[in-house]
Amino acid sequence: MKKILGSLLALGLLAGCGNEKVSETPKEEENVAAVEKEEKPVELSVDIVDEASYTYEDDTELMGNYSAVIENKSDIPVDVSNITVTYENNDGNVIGSSTNSTVWVSPHVIEPGQKAYVMNETDLPIASSDDFKSAEMTITPEETAEKAIELPIEGELLTADDNSVFLRMLGKVKNTSDTPLDHVTIAAAIYDKNGKFVTVSYGQVQETFNPNQSVPFQTDSPWQNFGKLQEPERYEIFAYMYE
């Protein structure tokens, strides 16, 4: 009896050891799931909040321009420098794109929920604005460690040229950082009296200015036909440095 009981106890101990090994399996599965969760790619998303596109004649050439307000819907900061704009005619044919011009955006780094202002213009190989249908923007956001830091603006004024067809923003931007700056971007989203988005006015300060110094700036917008559009009434303007 003692031998049988001893054998049973031995079997019980072995069974207990087996149970301990089985109990470790869920932990291993949890570890694998945690690793897979960590390796899951971050989803980047940027929405177009407002946009507008027009055409105008410049030295007998027909120009197309596009402006937009975009917003970062991602959970992390993104770089939105990678932007393309495509212009189409009434038949859906591509008649121009930003490959032959520059897409200006400020700021080009945006935090979650933050907005940026976009502007582009290019020449169009069509006879008249009646052949122009629309412009389409594509944004490829990228994860970034770069930061955009807002700088204070003072004395801003919304004005136009003598023919009232080119909008301008004038003002001063102050360097509130601890180092000299030689690249600051400034952009304004402009709206009419009904709150409709009209255009973006964009500019840069590329001259070096020291901490606590203020320098003048000018931003410019694409051509606006105020015979067809409501004249601008309000704006949102921001200046940014980058680090």
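The legends below describe close-up views of a predicted model. Local features are given where pLDDT is at least 70, side-chain atom pairs count only at pLDDT 80 or more, and totals for chains, interfaces and linings use all residues. Residues are numbered from 1 along each chain as its sequence is written, and side-chain values use heavy atoms, with hydrogens and water left out.

View 1. Leaving aside neighbours within four places in sequence, T185 is in contact with S106, Y202, G203, Q204, F238, A239, Y240 and Y242 (contact: heavy atoms within 4.5 Å).

**View 2. Polar contacts of the T185 side chain with S106 and Y242.** The side chains of T185 and S106 are joined by a polar contact of 2.7 Å. A polar contact of 2.5 Å joins the side chain of T185 to that of Y242. A polar contact is a pair of N or O atoms within 3.5 Å; within protein, one must be able to donate a hydrogen and the other to accept it, and residues adjacent in sequence count only if both atoms are side-chain atoms.

**View 3. Salt bridge between E154 and K172.** The structure holds four salt bridges, a salt bridge being a side-chain nitrogen of Lys or Arg within 4 Å of a carboxyl oxygen of Asp or Glu. In one of them, the side chains of E154 and K172 meet at 3.4 Å, N to O. E154 is in strand 12 (residues 153-160) and K172 in strand 13 (residues 166-174), so the pair links distant parts of the chain, 18 residues apart. E154 is partly exposed at 38% relative accessibility, and K172 is partly exposed at 37%.

**View 4. Salt bridge between D220 and R168.** The closest N and O atoms of D220 and R168 are 2.8 Å apart. Because D220 lies in strand 16 (residues 214-223) and R168 in strand 13, the pair ties together parts that are 52 residues apart in sequence. D220 is partly exposed, with a relative accessible area of 29%; R168 is partly exposed at 27% relative accessibility.

**View 5. Salt bridge between E236 and R234.** Here the closest N and O atoms of E236 and R234 are 3.9 Å apart. E236 is partly exposed, with a relative accessible area of 27%, and R234 is partly exposed, with 38%.

Technical notes:
Helix = DSSP H or I, 4+ residues; strand = E, 2+ residues; numbered from the N terminus. Buried < 20%, exposed > 50% of the residue type's maximum accessible area, 1.4 Å probe, protein only.
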